[in-house]
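Open the structure in your viewer and keep the selection tool ready. We will go from stop to stop.

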Amino acid sequence: MDKKIENPIFWQDFLRICHKNLIQAYEILFQSIDLISLISIPAPSQTSTEIYGRKLLYQDHEGEVLLMTWQEDRFCAPHDHEASQGCVFFLQGHFLERQWLWQEQTLRLGPSQEISSPTSVPVEAGRIHDMKAVNQGVSLHVYFPPICKMKVFDVKNQMTYLVGQKAGAWLPVSEENILKGESWGLVG
Ligand SMILES: [Fe+2]
């Protein structure tokens, strides 16, 4: 095991570097740590509704670093990241990311891109997207500030759910994770 990746100070520094210089952060991640050790960190077990497992590596008031392990060929729900922005570093696997765009009070599929590890993709505040791993995959997510709530969109039933920090980018199955739910007929 690479000792650096067990050290919160390493991730605190990494978070700060991500904020200033994504190229430098990319080099640190892919050239100076043992990637196999990082990919092998166990993520919490997943229920059938959870598309990915999450392991919080570091969080403070400025941001957070999360490791995500993805199930095979299952899209997460379209979602935003509220006011947060940051970067996703793809560590292992091939992914498909799709944008969703509001048009006439409904969400429609926008452009999509295939993503192959190793690479990184910036996360912009306000962008709505979903993603899947073609096979299994592992990604590292850096967000500023930490995502304490986000919108998840139920395209089939035309509903928007505001969900809390414990929820992920999948449709909430329990009321306790829903801060607010609204029909698209009422909001846009
Ligand atoms: Fe996302």
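The tour visits a helix and then a sheet.

This is a predicted model, in which local features need pLDDT of at least 70, side-chain atom pairs count only at pLDDT 80 or more, and totals for chains, interfaces and linings use all residues. Residues are numbered from 1 along each chain as its sequence is written.

**Stop one: the helix**

Select residues 8-20. This is helix 1, with 13 residues. Helices (H or I, at least four residues) and strands (E, at least two) are DSSP runs, numbered from the N terminus. Helix 1 reaches 19 Å from its first C-alpha to its last, close to the 18 Å expected at 1.5 Å a residue. That expected span is 1.5 Å times one less than the number of residues.

Now colour Trp11, Phe14, Leu15 and Cys18, the buried residues of helix 1. Buried means that 20 or more other C-beta atoms, placed from the backbone, lie within 10 Å of a residue's own; exposed means 12 or fewer, and partly exposed is in between. Look down the axis of helix 1: the buried residues fall within an arc of 105°, so they line one face. The arc is taken from the directions from the helix axis to the C-beta atoms.

Turn to the face away from the buried side. It carries the exposed residues Ile9 and Lys20.

Show the open sheet of three strands, in the order 5-4-7, with antiparallel pairing. Two strands pair if DSSP finds at least two bridges between them. Strand 5 (106-116) and strand 7 (128-133) are the edges, and each pairs on one side only.

Next, select residues 94-103, which form strand 4. Strand 4 pairs with strand 7 over six bridges, in the antiparallel sense. Finish on Glu97: its bridge partner in strand 7 is Met131.
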